[in-house]
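Please walk me through this model in the viewer, one selection at a time. For each stop, say what to select and what is there.

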Amino acid sequence: MSVIKSLCKEKALSEKEFPPKLIRSAISDAKNKMLSPEDWLREEGNSARTRAIFEVYQGYEHTLKANNALDFDDLILKTLELLAENPPVLEYYRDKFRYILVDEYQDTNLAQYELVRLLTGERHNLCVVGDDDQSIYGWRGADIRNILEFEKDFPDTHTIKLEQNYRSTGNILDAANQVIAHNEGRKEKELWTEAEAGEPITLYDALDERDEAAYIANMARRRQEMGTRPGEIAVLYRTNGQSRVIEEA
């Protein structure tokens with residue numbers, strides 16, 4: 001970030017118009033897609049805005065090289081360069097890692113895909129675990145095609161669907177299946193369980209976070225009046241920022 005801020009200052013770019021975090025994100029995204037500054041500019045179009053980001057990207061790469069430094073995304077990119085340009089090194093690592101397992105495969109990007117493809121070589125001793133319906137990191141460079149087109153890239157693949165669920169009741173799974181069925185570009189699957197149907201799901205459409213918190217607190221009070229112990233009540237939330245207003249309620 002200090003390199004990017006310094007380059008923005010040098011090129012008289014307003015931090016309001018060109019936030020350094022946005023530029024860092026653009027550079028990271030380009031590297032995840034294996035795009036050099038020139039390739040990135042060609043893909044994004046040569047406008048005044050993209051030109052400015054391109055010049056920062058170019059300067060950023062020059063500064064890293066001058067300082068013999070790598071950023072996080074370079075760790076894979078430079079490994080790819082090393083393997084692609086040095087066959088003996090590639091052969092050494094192909095022999096060293098004869099079986100490869102990749103977890104959370106739906107969240108891999110192009111550079112990670114290429115690394116896996118290079119290392120597996122002709123053996124294809126590759127096992128990936130993932131769920132296309134859980135792909136949520138597209139904004140961070142994850143490419144859903146890596147898992148959707150896996151069988152096309154590795155035609156002798158054997159697919160095992162892990163559809164039995166051991167955590168949830170039938171009603172929860174039925175609701176989940178119906179919601180997720182609306183996803184576009186997905187592999188067909190249907191979760192099922194040997195557990196009971198369980199209680200029906202209740203949906204509450206809150207006006208805002210305070211209304212939501214009040215509803216949760218009232219539900220908790222009602223359950224306690226029915227004999228549920230406080231220690232048997234759990235509130236699940238997606239991000240830490242949601243907890244404060246619930247705690248207050």
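Select Cys8 to begin: at 1% relative accessibility, Cys8 is buried, where buried means under 20% relative accessible area, exposed over 50% and partly exposed in between, with a 1.4 Å probe and protein chains only. Then select Cys127, which is partly exposed at 41%. With a disulfide taken as a pair of cysteine sulfur atoms within 2.5 Å, the count is zero.

This is a predicted model, in which local features need pLDDT of at least 70 and side-chain atom pairs count only at pLDDT 80 or more, while totals for chains, interfaces and linings use all residues. Residues are numbered from 1 along each chain as its sequence is written, and side-chain values use heavy atoms, leaving out hydrogens and water.

Next, select Ile4, Ile23, Trp40 and Val56. These have the most contacts inside the largest nonpolar core, which has 19 residues; such a core is a set of buried Ala, Val, Leu, Ile, Met, Phe, Trp, Tyr and Cys residues joined through side-chain atoms within 4.5 Å. At least two residues of this core come from each of α1 (2-10), α2 (20-32), α3 (37-44) and α4 (48-66); helices are DSSP runs of H or I with at least four residues, strands are runs of E with at least two, and both are numbered from the N terminus. The largest share, seven residues, belongs to α4.

Keep Trp40 and show its surroundings. Not counting residues up to four places away in sequence, Trp40 touches Ala26, Ala30, Leu35, Thr50, Ile53, Phe54 and Tyr57, contact being heavy atoms within 4.5 Å.

The buried residues in α4 include Thr50, Ala52, Gly59, Tyr60 and Leu64, and their cover includes α1, α2, α3 and α5. After α4 comes Asn68, with a positive phi near 55°.

Last, select Asp74, in helix α5 (residues 74-85). Is Asp74 buried or exposed? Asp74 is buried, because its relative accessible area is 2%. Its side chain makes a polar contact with the side chain of Lys31 at 2.9 Å; a polar contact is a pair of N or O atoms within 3.5 Å, where within protein one must be able to donate a hydrogen and the other to accept it, and residues adjacent in sequence count only if both atoms are side-chain atoms. Leaving aside neighbours within four places in sequence, Asp74 is in contact with Lys31, Leu64 and Thr79.
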